[in-house]
Structures are given as structure tokens and as C-alpha cells.
Amino acid sequence: METIDSHDLLVIGGGPAGLSAALESSKHGVKTAIIEERITLGGQIFKRLGVGFKDSSASSLGKDYARGAELISGIEKSNVEVFESTQVVSIEDSLVYTTHPSFGTRAFKFKNLIITPGAYDRPVVFPGWTLPGVMTAGAVQTLVKTQQLSPGKKILFAGSGPLALAFSAQLLELGAPVYKVLESSHPPKSSEILRLTAAIPGNWNLISDAIRYRSILLKKSVPFKYRRIVVKAEGQGRVESVTHCKVDQDWRPIAGTEKVESVDLLCVGYGFFPSHELFRFLGCSFIYDENQGGFKVEKDQWGQTSLPAIFAAGDGTGVTGSYSAIAQGALAGLRVAFLYGNLSELQLRDLATSYIRELSNRNKFQKALNHMFDVRPGIYELASDETIVCRCESVKKSDIDSVIESSADISVVKAYTRAGMGLCQGRNCQRQIAAMISKRYHLPFSEIAFATPRFPIKPVEIGLIADGSIRDEKYFINEK
Amino acid sequence: MKSNVLAGYLSHEQNSEELPKSVDVLIIGGGLLGTSLAYYLSKEKTEVLLLERDEINREASGTNAGSFHFQIALHQLTPDMTDSERVRLSAEVKLQVEAAKLWDGIEAELDADLGVHFDGGFMVAETQEELQVLGDKERIENEAGLESYILTGAEMHKFAPFLAQDLAGVAFCPREGHANPLLVGPTYAFRALENGAKIRTHCTVESVEVLEKSSPGSVGFRFRVKTSKGEVLCNRVVNAAGAWTMELAKQVGLNLPMGLSGLHVNVTEPSEYFLKSMIQHIGRRLTLKQTPNNTFIIGGGWPAKYEAYPKRYSNLWSSTAGNLAVALRVLPMLKDVKLMRTWSGVWAYTKDFKPILGESRKVPGYHVAMVPTGFTLGPMVAQLLANYMTSRDGSSELPKEFSVDREI
Ligand SMILES: Cc1cc2nc3c(=O)[nH]c(=O)nc-3n(C[C@H](O)[C@H](O)[C@H](O)COP(=O)(O)OP(=O)(O)OC[C@H]3O[C@@H](n4cnc5c(N)ncnc54)[C@H](O)[C@@H]3O)c2cc1C
Ligand SMILES: Cc1cc2nc3c(=O)[nH]c(=O)nc-3n(C[C@H](O)[C@H](O)[C@H](O)COP(=O)(O)OP(=O)(O)OC[C@H]3O[C@@H](n4cnc5c(N)ncnc54)[C@H](O)[C@@H]3O)c2cc1C
């Protein structure tokens with residue numbers, strides 16, 4: 001195993017937050033490396049074209065793409081050392097353990113760590129959610145953005161929040177035939193619009209994005225239906241029809257309002273969950289906020305977590321979008337430069353001002369939006385007894401319910417049913433199970449602990465880890 | 001195939017009911033020892049209360065690798081063995097042969113599918129020196145009534161083509177196997193409950209006080225047990241607290257010859273099924289098996305790092321990297337299979353590797369039930385202890401070398 005000890009700061013994740021953190025820290029003299037598991041930098045939003053695709057339609061790929069290209073070229077011109085295709089699998093005693101398909105395990109020594117792992121699509125469990133042809137918004141977007149390929153001919157989009165609007169409009173622009181959008185929240189009330197308008201200063205770019213997205217839907221005559229939620233997907237071997245329902249204010253379906261439509265693709269976009277595995281693994285403190293994706297790591301305005309030398313930024317610390325991610329990353333990067341004595345307190349404050357203002361504007365706006373698109377408990381109650389909750393291990397809801405009768409402990413559910421033991425390691429089912437427990441025992445969600453975090457953070461080939469130079473002490477008891 | 005009885009398991013409400021004021025036997029610990037003892041005692045109509053501070057089966061009994069270690073365990077072998085060691089090992093193998101019989105019948109006894117498989121076990125030798133040790137081991141086992149035989153060269157390749165071609169040899173013991181550790185303890189608990197045993201979870205035993213006949217409020221009971229949920233009087237206590245047995249026994253003045261060690265376990269993604277038998281290594285730390293879910297569980301005694309309860313011991317990267325290298329050395333085809341997760345458990349052992357089982361002479365009424373290879377031997381020693389505790393005529397004495405009061 002190779003040990004690399006040449007950086008003062010390691011940034012995990014090369015999305016908007018990580019790129020901006022590395023740019024700021026290196027600009028102020030901190031020896032910085034980025035570790036990114038994908039083959040290219042850019043993260044979720046600046047997904048770059050797949051190999052062999054030409055960058056002919058930068059405009060349809062959106063402003064995001066251009067912003068991303070700018071950050072990435074900034075990094076290319078900087079002293080930041082970039083390690084791509086390098087996956088962080090564990091952290092132990094000042095070493096970040098990574099694997100690479102050709103280099104195997106490499107351990108990076110760190111003095112400071114900024115962790116920016118991003119977020120993933122919120123899984124929503126309803127009858128039929130595991131059928132082929134039911135895809136998350138992120139997955140559809142990736143296909144469309146990187147392969148320029150539409151996975152369906154008649155796409156129903158079901159989701160909530162500003163991203164539902166953004167995603168469906170983007171998909172349309174890129175040529176994916178979305179024919180209807182369902183939003184589970186109510187249409188904005190005038191008080192909410194007022195609140196939002198009050199938060200507009202400093203957020204005009206977001207508003208103008210929203211207006212542009214809405215007008216794309218209008219131009220293509222794609223109906224946008226408020227207060228409807230998907231309740232069922234059906235089909236022989238793949239999705240053929242989708243049932244949706246009107247919902248009450250808690251997003252619980254109202255009987256008698258079902259509507260069945262035939263589609264060949266259901267795109268589901270109810271928001272994101274932060275990837276908090278690394279933070280849980282390290283033992284950082286957490287707080288709970290359903291609208292930002294549930295459990296999120298606790299941090300101060302610089303991104304400092306409850307643990308020394310561990311910083312956090314971006315959607316992996318609570319989902320607030322790419323503009324915030326960039327500002328958060330920058331603040332963490334500056335802070336580390338300050339800790340190295342490369343910036344005075346005054347310089348730090350000075351350089352941070354614009355980012356802090358940016359974040360505070362975003363937060364105001366975010367709060368107003370959350371008010372409108374508050375995630376309601378009905379989202380966790382769509383499954384029927386027969387619905388598979390853990391898709392890796394094919395565990396039905398009724399089997400999980402029967403264990404919950406005996407224990408309010410997720411680990412017990414896991415032990416008896418195997419729910420959460422599969423390849424995704426509970427990323428897709430733990431929250432759903434926690435919600436079931438919360439309902440049965442009237443416990444707040446935030447009190448239901450997930451299973452003990454362990455490495456590897458993501459599954460990895462044995463051949464990349466095994467190290468024959470590590471010997472066990474011999475095992476004979478009487479050995480001299 | 002029997003069904004999984006755990007659907008419709010103990011109800012939470014029942015587990016959290018108030019404690020009884022008094023009971024005949026109070027068991028501390030809801031691991032495999034405690035739950036199986038509760039079952040065997042309640043089957044004989046003994047009044048039992050089992051207290052577990054967390055959930056049933058969450059410590060060693062729910063974190064172990066589920067192997068039946070019938071072959072002589074590697075840590076018990078020495079390169080140059082004395083006769084007295086041979087005698088000791090031979091006695092142990094006989095115990096293991098008894099345990100195998102219990103496992104044969106356990107699914108029928110408990111009327112449940114517990115994933116019990118007897119598909120044999122390999123013990124590989126990498127070097128000629130190790131092969132020599134395998135020979136010694138085979139002799140002791142065969143004499144004690146456990147079948148095992150050694151294969152080398154072409155014979156070995158034909159029998160086990162998946163093993164690395166350049167191993168010196170391999171022993172095969174057809175009786176070995178495994179069961180699902182996540183199900184065995186809870187199923188015992190469930191059946192004990194059906195027999196009338198009481199079980200309370202999330203109830204920590206804080207202290208055990210020995211009462212004199214004349215103690216105020218003793219009303220004839222020998223012990224007052226203080227818990228996080230109140231007090232209970234009882235005639236007999238069984239300390240089955242696994243890694244915490246020693247700590248509790250100190251409260252009544254007993255010094256048990258025990259040690260603790262954190263162990264590391266790896267599990268892979270599911271992969272095409274081909275490995276029916278478990279694999280161990282005679283000279284290095286390895287146990288490797290493929291489960292009915294097609295995952296590989298790889299362990300064998302690599303260390304995990306101490307953390308104070310209730311935090312779980314943390315896994316060490318060096319243990320994973322080293323353990324997996326031994327696995328690849330023996331089974332090269334695992335190279336592209338993905339490691340999915342690791343975990344740890346606290347293993348309690350005795351300094352002479354024998355069980356601590358029975359009633360203390362120093363503190364009459366105080367019993368201890370602990371055994372190092374507790375998955376393999378747990379139910380059987382629990383049954384021995386239950387026989388002792390329910391026989392009125394003293395006809396089922398326990399082996400002296402298991403004595404609670406012995407000094408090492
Ligand atoms: C699927 C999806 C689509 C989105 N689409 C849009 C959109 O169209 N418009 C919009 O405004 N916002 C969109 N968002 C939101 C936006 O992408 C995020 O706000 C922004 O990308 C957050 O930046 P980040 O740096 O925090 O995370 P990310 O951009 O996700 O970057 C995190 C990076 O960390 C890497 N990483 C994670 N774990 C490890 C590890 N263990 N080892 C090594 N590397 C690791 C990841 O590969 C990734 O590159 C989308 C979000 C998602 C999840
Ligand atoms: C990683 C690992 C792998 C192993 N592999 C194997 C194997 O393959 N084969 C094999 O035969 N053996 C194996 N073992 C050993 C085996 O698991 C143990 O010997 C056996 O499970 C011990 O059972 P137990 O009931 O004594 O202890 P435990 O299962 O630890 O149960 C003790 C219980 O007591 C409870 N408790 C403690 N203190 C209190 C208190 N004050 N009040 C109330 N409750 C309390 C604990 O919470 C716990 O639930 C392994 C062990 C480990 C850790």
C-alpha cells in the first residue's frame with residue numbers, strides 16, 4: 001500500500017463544493033488535493049458529457065454546465081493536485097484510505113479534511129417503485145446529460161419542490177418527452193409568494209431560472225398539477241401505467257381521486273438525501289431537518305464540524321443547492337488557509353464577506369421555499385403490505401412491520417429481515433424503516449438511530465484491498 | 001423447510017412490562033447462552049426471568065460468524081504438543097461431538113429454520129510444517145470420534161478445485177457446518193417465552209446483592225438484583241453476560257479467569273454460489289464461508305479496536321487488508337468480489353479455553369454460563385447447566401474442569 005503524505009488539506013469530492021473549497025485554499029497557499037471517485041470532476045450538477053459525446057449544445061446543457069466548466073478550469077490552472085477515479089473507503093488515524101482500479105489502495109495522510117460528498121435522490125417507496133421504467137430524476141438526468149439519451153417516450157414526472165420544476169424543464173429542453181408534471185404540494189398561496197418575494201434580493205438568478213423553467217413547460221403545453229402524488233406503478237415486467245391521487249396537506253392520498261395513466265417511464269423527484277456516511281463513520285454530531293434531507297451534519301458557518309480538523313460543505317451537509325454549495329466550500333477553504341496562518345483574521349473576514357452574504361440570502365430563500373414545499377409525512381406511508389421496502393434484499397413491508405412490533409431498533413429489523421444489508425447498505429431503505437418505527441412508537445424521527453456505520457463507505461473489490469504484507473501474529477498459544 | 005418464527009416475535013409491550021417482585025431463576029444477559037438456558041429451564045417448568053440491557057442477541061451472539069468449530073481450533077494447537085495438551089484437546093473434541101448432535105436436532109426442537117448446514121469444513125495448510133500440524137490434529141480428532149481426513153496434491157485439487165493450487169494440503173471434516181447466528185438466539189428466546197419464561201429487554205442489571213437469611217426483606221430469597229427498572233428478589237442467579245460476565249461476578253467476590261478481545265468480520269456482496277463448506281487455515285487467521293444468501297463471510301480472529309460500551313469496537317483497516325489477503329491466498333477467485341461491509345464483536349474467552357459453567361461453591365446460588373466458542377457450544381452447555389439446575393438428586397454434576405471457582 002502506498003502512503004501519500006504531501007498535502008496540508010484533502011478535499012473529498014470534486015463537485016461544486018469541493019472544487020470551490022480547493023480553489024480558495026490553494027489560492028491562499030495551502031497544499032491541497034481533491035479526491036474524486038468519478039472519472040472526471042464536476043459532481044452532480046456539472047455532469048460532463050460521456051466519452052465520445054461532443055460539446056455541441058452547451059446552451060441546452062444549461063448555465064450550470066458553463067459555471068462548472070469555469071470552476072474546473074480554475075482548478076486545472078491551480079496547484080491543486082487532483083486524484084480522479086479514487087474512492088474514499090475509510091478514514092482512520094489521520095489517514096484517508098482510497099481505492100483506485102489500477103493503483104489499488106492508497107492512504108492519504110491528512111492534517112485537515114473538507115468533506116463534500118453531495119446528495120442522492122430521495123427514494124420514495126410506493127407499490128411498483130422497483131419496476132423497471134420507474135427512475136429517479138437524478139438517474140434520468142444523468143442519462144440525458146451524459147449520454148444524450150432519453151429513456152422513455154412518454155414520461156410522467158412526479159415530485160416536489162423547485163427541483164421538480166427544474167428537472168422536468170431541463171429534461172424537456174434536452175429532448176426527453178415529459179408530458180405531465182405532478183407536484184405534491186399545494187399551489188403557492190399569496191402569503192407564501194409574499195414571503196418568497198421578500199427573499200428575492202440576492203436570489204434573482206434563482207427566480208429567473210424558475211421563471212425560465214416554468215415558461216419551458218408552458219411553451220410545450222406540459223400540464224403542471226399541484227397536490228397530486230404517485231401512489232402506484234404497474235406493468236408486466238416494466239411500468240405500463242401509473243396511478244396518482246389528490247393529497248391532503250400532509251400528502252396523504254384522498255380516496256376516490258385516483259387517476260390511471262399509461263406511460264412508459266415514471267420519473268420520481270421528491271428531493272435529495274445528503275450522503276452522510278463519512279460523517280456518521282467519523283462520529284460527527286448531527287441535527288435533523290426533513291426539508292434538507294433529514295439527518296445532516298452539524299457545522300458552523302465555516303463548515304467546521306464537531307470534530308477537530310474535519311470540515312463539511314455542500315449538499316452532503318444538508319441539501320441547499322449548488323450556489324450554496326459553492327459558497328460553503330469557499331468558506332471552508334478560506335478557513336483552512338486562515339488556520340495555516342496564510343490569512344490574517346481581517347483578511348479572512350474580508351474574503352468571506354461576499355460568501356457569507358450569499359449564504360444568508362440563499363438561506364432566506366430556502367426557508368421561504370421550504371414553507372411552500374414542506375415535505376409531509378404522507379411520503380412515507382404510500383407502501384402497501386406487499387411492497388418491497390428493501391430492494392437489495394427484497395424485503396416486504398409486512399415482514400418489517402412484524403419485527404417492528406417487537407423492537408424500535410433499526411438494527412434489530414436489519415438482523416431479522418436482512419433489510420439494509422444489501423449493496424446500497426441501507427441508503428435506500430433506512431429512512432423508510434425509521435419512518436415506520438417513528439409512526440409505530442410515536443417517536444420523533446430524529447431519535448431513531450441508523451445502523452452502526454462501518455467501512456467500506458462504498459463496496460469495493462477484495463483484490464483492491466488485500467495486502468499480503470500485513471501479517472497476523474502467529475496464532476499458536478505456546479509459541480515462543 | 002421450516003418457517004422463520006420470528007415474524008410475530010415477542011411484542012415490545014410484553015418486553016417492557018413491569019418486573020416481577022421475585023422469581024426462582026434470574027438470568028442476566030440475552031445472548032445465546034442466556035436465551036438457550038431460559039428455554040431449557042422453562043421447558044422443565046422452572047420459573048425464569050431473563051434480563052437484557054439492550055435487545056436480545058445484539059452482542060457476541062449476534063455478531064459472530066456462525067461457524068460450528070468442531071475441528072480443533074487453530075489457536076489451541078501448538079507446533080510441539082505435549083501429552084497433557086493432547087488429553088485436554090481430546091476431551092474438548094468429545095464435547096464438540098456432543099454439540100454436533102445438538103445442532104443436528106435443533107431445527108426440529110425449536111420448530112424453525114435456523115439456516116443449519118452440515119456441509120463440512122476445510123482446514124488448509126500452506127507449508128510442510130503446517131501440514132505436519134494437520135496430521136497431529138487429525139490423529140487426536142479421529143481418536144476422539146470426530147471424522148477428518150487429509151488431502152494433498154491431485155487428490156486435493158480434484159476434491160476442492162477452487163482452492164489455490166499451491167497449498168501444501170487440506171484437512172476435511174464432514175461434520176462441520178454453520179447456522180444463522182442472527183436467528184438462533186432470538187428463536188430460543190421466543191420459544192422460552194412460549195414456555196412461560198419472562199423476558200425484559202432494555203433492563204440493565206446494576207448489582208447483585210447476596211442476602212443473608214436474616215437480611216431485612218429477604219423473605220427467604222438469596223439475592224436481591226438491582227436493575228435500571230427496579231429490584232427483583234431471586235433464589236438463583238445465572239450470570240450469562242458474555243464479555244461483561246467478569247465485571248458482574250466481581251460484585252459477589254468472584255474472580256473469573258477470563259479475557260476479552262475485539263474481533264473483526266468482513267462480508268462481501270452476493271456472488272455465484274459454489275462454496276458449500278467452510279474454510280479455515282491451520283497457521284493463519286482465517287474463517288471463510290459462503291452463506292445461503294450467497295455472500296461470503298470472512299473472519300478468523302483479526303483484531304478490532306476497543307471502544308467503551310455502548311459504542312461498538314471499531315474496525316481496523318489493517319485487519320481488513322490482512323484478513324482479505326489470507327482469504328485470497330487460499331481462494332484466489334474472490335479477487336473481483338466486492339467487500340460490502342465490516343463489523344466487530346467482543347469475544348470473551350477463558351484462559352484455559354474451557355467453559356466456565358455451574359454454581360459457585362463460594363457463593364451458593366450464583367451460577368455462571370460462559371464459553372469461548374460460544375456459538376458452537378453455547379446451546380449445549382446451556383442444556384448441561386439446565387440439567388444441573390433442574391435435577392434435584394444431584395445426578396447431573398458438571399465437569400470439574402468447568403468450575404466457576406477454579407484458579408488459573
Ligand atoms: C442527481 C442530482 C441532480 C441534480 N441536478 C441539478 C440541476 O440540474 N440543477 C441544479 O441547480 N441543481 C441540481 N442538483 C443539485 C446540485 O447538483 C447540488 O446542489 C450540487 O451539485 C451540490 O454540490 P456538492 O459539491 O455538494 O455535491 P456533488 O455535486 O454531488 O459532488 C460530490 C462529489 O463527491 C464525490 N464523492 C462522494 N463520495 C465520495 C467518496 N467516498 N470518495 C470520493 N469521492 C466521493 C462524488 O462523486 C461527487 O463528484 C442535483 C443534485 C442531484 C443529486
Ligand atoms: C466476531 C466474533 C466471531 C465469532 N465467531 C464464532 C464462531 O464462528 N463460532 C463460535 O462458536 N463462536 C464464535 N464466537 C464466539 C461466540 O459468539 C460467543 O462465545 C457467544 O456468542 C457468547 O454468547 P453469550 O450469550 O455468552 O454472550 P453475548 O452474546 O455477548 O450475550 C451477553 C449479553 O449480556 C448482556 N449484558 C451484559 N451485561 C448486562 C447487564 N449488566 N445487564 C443485562 N444484560 C447484560 C449483553 O447486552 C449481551 O446481550 C465469535 C465471537 C465474535 C465476537
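Biologist: In what order do the 5 strands of the open sheet in chain A stand, and is the pairing parallel or antiparallel?

Modeller: Strands of a sheet pair through backbone hydrogen bonds, in a parallel or an antiparallel sense. Here the order is S10-S17-S11-S12-S13 of chain A, and the pairing is parallel. This is a predicted model, in which local features need pLDDT of at least 70 and side-chain atom pairs count only at pLDDT 80 or more, while totals for chains, interfaces and linings use all residues. Residues are numbered from 1 along each chain as its sequence is written, chains are lettered from A and ligands numbered from 1 in the order in which they are written, and side-chain values use heavy atoms, with hydrogens and water left out.

Biologist: What counts as a strand or a helix, and what counts as a pair of strands?

Modeller: Helices (H or I, at least four residues) and strands (E, at least two) are DSSP runs, numbered from the N terminus. Two strands pair if DSSP finds at least two bridges between them.

Biologist: Which are the edge strands of that sheet?

Modeller: Strand S10 (134–136) and strand S13 (224–226) of chain A pair on one side only. From one strand to the next, the twist averages 20°; such angles run from 0 to 180 degrees between N-to-C directions, and the axes are lines fitted to C-alpha atoms, for helices over the stretch in contact. S10(A) and strand S17 (residues 265–269) of chain A are joined in the parallel sense over 3 bridges, and Met135(A) stands opposite Cys267(A) in S17(A).

Biologist: Which strands make up the open sheet of 9 strands?

Modeller: The order is S24(A)-S16(B)-S12(B)-S15(B)-S14(B)-S13(B)-S4(B)-S6(B)-S5(B), and the pairing is mixed. Its edge strands are strand S24 (460–461) of chain A and strand S5 (149–151) of chain B. Within chain B, strand S14 (residues 287–290) and strand S15 (residues 296–299) pair in the antiparallel sense over 4 bridges. Leu288(B) stands opposite Ile298(B) in S15(B).

Biologist: Which residue takes a positive phi in the hairpin of S19(A) and S20(A)?

Modeller: Gly293(A) does, with phi near 100°, in a hairpin that has 4 residues between the strands. Strand S19 (residues 286–289) and strand S20 (residues 294–297) of chain A pair in the antiparallel sense over 4 bridges, with Ile287(A) opposite Lys296(A) in S20(A). Ser85(A), a residue other than glycine, also has a positive phi, near 50°; Ser85(A) is in the loop between strand S4 (81–83) and S5 of chain A.

Biologist: Where is a cis peptide bond in chain A?

Modeller: The bond from Phe455(A) to Pro456(A) is cis, with omega near -5°. Pro456(A) lies in the loop between helix H13 (430–441) and S24 of chain A. In chain B, a cis peptide bond joins Tyr309(B) and Pro310(B), with omega about 10°. Pro310(B) is in the loop between S15 and helix H9 (317–330) of chain B.

Biologist: Why does ligand 1 lie between two domains?

Modeller: Domain 1 (2–120 + 273–343) and domain 2 (123–270) of chain A both give residues to its shell, so ligand 1 lies between them. Domain bounds come from an automatic or database domain assignment. The centres of these two domains, taken over C-alpha atoms, are 29 Å apart. Chain A also has domain 3 (383–447).

Biologist: Which residues come nearest to ligand 1?

Modeller: A residue is near a molecule or strand if one of its heavy atoms lies within 4 Å of it. Of the 31 residues around ligand 1, the nearest are Ala17(A), Glu36(A), Gln44(A), Gln141(A) and Asp315(A). By class, the shell has 10 nonpolar, 15 polar and 6 charged residues. Ala, Val, Leu, Ile, Met, Phe, Trp, Tyr, Cys and Pro count as nonpolar, Asp, Glu, Lys and Arg as charged, and the others, Gly among them, as polar. An oxygen atom of ligand 1 is 2.9 Å from a polar backbone atom of Ser322(A). The protein covers 95% of the 980 Å² of accessible area that ligand 1 has on its own; accessible areas come from the Shrake-Rupley method with a 1.4 Å probe, and for residues only the protein chains shown count as cover.

Biologist: How many residues surround ligand 2?

Modeller: There are 37, and the closest are Glu52(B), Ser61(B), Ser67(B), Gly374(B) and Thr376(B). They divide into 19 nonpolar, 15 polar and 3 charged residues. A backbone N or O atom of Ser67(B) lies 2.9 Å from a nitrogen atom of ligand 2.

How values were computed
A polar contact is a pair of N or O atoms within 3.5 Å; within protein, one must be able to donate a hydrogen and the other to accept it, and residues adjacent in sequence count only if both atoms are side-chain atoms.
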